[in-house]
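Let's walk through this one together, a question at a time. Have a look first, then read on.

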Amino acid sequence: MAYQIYPRSFCDTDGDGVGDLEGIRAHLDHLVAVGVDAIWLSPFFSSPMADYGYDVADYCDVDPLFGDLDDFDRLLADVHARGLRMIIDWVPNHTSVEHPWFVESRSSPDSPKRDWYVWRDPAADGEVPNNWVESLTFGPAWTLDPVTGQYYLHCFLPEQPDLNWANPDVASAMADTLRFWLDRGVDGFRMDVVHLIGKDPELRDEPPEVAGLPHTILNVRPETHEHLRTLRKLLDSYPGDRMAIGEIYLLDTELVASHYGNNDELHLCFNFPPLYSKWNAADWRQRITETEAALSAVGGWPTWVLSNHDNPRHRTRYERGLGPTSSPDDVRADGELIARAAAVLLCTLRGTPFLYAGEELGLSDAMIAPQRQRDPAGRDGCRAPIPWDATPSHGWVKDDNWLPWPPDSDSRNAESMVDDPTSIFHLYRKVLALRRNTSALQLGSIGLLDSPPDVLAYRRSHEGGFVSIAVNMSDAEIDWMPGGQVLLTSDGHSARRTLGPYQAVIVGE
Ligand code: GLC
């Protein structure tokens, strides 16, 4: 189990209203209590924060908002002392406009770094060089630079110019940034939109049927795989199991699977179709089937993500999916049950689950008033600060921080969840402990079971050990249960012979 921390939102210790590395260090025991194996930190590097750190101005330093390199070393030592591993974010597709490489590149067409980015003359009509759109606000992926009269490419915000990985000097400089952190002892990298680094050399227009969609499919390129093989060799040249997980933002599991290579590219890839699936048994059966088919074809180990810093939390998404009800409290009650069943689902599928900070508290998204919105792509709700206790500042220094608190923080905070043995926090602990002690859950193959339409049921098998999981995705009680002894129920009710509304069970044979 890997646990994603969005540093701005985890815990502030210096009173600037933004989380910091010391805040993460202060809560490592919480992560041990949950039972995570590794943490992934979203960017904490020097950045003007146009995309809250995914616009990097120096890959090899800590932004003062978060602390400094000494704080980082202290944090890494404490993480390792607890037997956890640390993965950090690496943003290879683009830098910030304030990165010295770009500052130099844009200064003149003759700059030695001109070709480190993707510059093009205007099209014949004076307009943008092609029809690509950027992925955050869906504007054009090109910005005209008045200094030289050329456009530069940015698949994300204009403040995030794309690097030109076709230039070997770029590939080599970026490899050095990996070495910097590997030498400091990090265990690996989550590679941001790494499927985009090999660009279509002709920068052709998107065909009409996909024009306007971000993450252009034209950039699915053999060059990317070559780069990934080189990066893998670099990681493998270091002692210990250093690993790379790629954010392959291609909503096609077979394409995602191709980035495992022949076990010589990425160790793991994010696969987002399940993240975008509804809370619906038929959809989930399909996601599991297609994931197994695509990944077993390449011998790849799956990953599972329900929430991250780019999407509404899954509790919020699934609650919205329930539609209007006569009372908001009904929605909340169902939301809690669904969040609990989803915890069992996430932690029992075949593969590595990624848990986004706050899921273990059952958090929903914060409601953000228009004047408090920060992110140009509207992703603030899931980035609300984590409430640690019931005091007005919830374990932060101030009670008013860069974003408002998530709902019900007076009662739904880490301290109250830990104190309540029936809480979702303890459910996560129990499922993860069971997973750790059950080889079928950790390593076993997965097969779907025949079950009623609203029940997602599967069986994990390993060396003669079997465990079945059933998730009732409906609000009705269902007269069905896999055979065997119930080891755990998501709602804490003792085992019945039927599945309760939105109840998940783990059954040993
Ligand atoms: C990834 C990140 C997202 C960021 C984008 C550009 O999708 O997860 O937060 O905005 O890349 O770096």
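**Around the ligand**

Q: How far is an oxygen atom of the ligand from an N or O atom in the side chain of arginine 190?
A: This pair counts as a polar contact, meaning N or O atoms within 3.5 Å. For arginine 190, the distance from its side-chain N or O atom to the ligand oxygen is 3.0 Å.

This is a predicted model, where local features need pLDDT of at least 70 and side-chain atom pairs pLDDT 80 or more, while totals for chains, interfaces and linings use all residues. Residues are numbered from 1 along each chain as its sequence is written, and side-chain values use heavy atoms, leaving out hydrogens and water.

Q: Which residues come nearest to the ligand?
A: There are 14 residues around the ligand (a heavy atom within 4 Å). Those that come nearest are Asp51, His94, Asp192, His309 and Asp310.

Q: How far is a ligand oxygen from an N or O atom in the side chain of aspartate 310?
A: Aspartate 192 has such a side-chain atom 2.8 Å from a ligand oxygen. For aspartate 310, the distance is 2.5 Å.

Q: Is isoleucine 245 buried or exposed?
A: Buried means under 20% relative accessible area, and exposed means over 50% (1.4 Å probe, protein chains only). Isoleucine 245 has 1% relative accessibility, so it counts as buried.

Conventions
A polar contact is a pair of N or O atoms within 3.5 Å; within protein, one must be able to donate a hydrogen and the other to accept it, and residues adjacent in sequence count only if both atoms are side-chain atoms.
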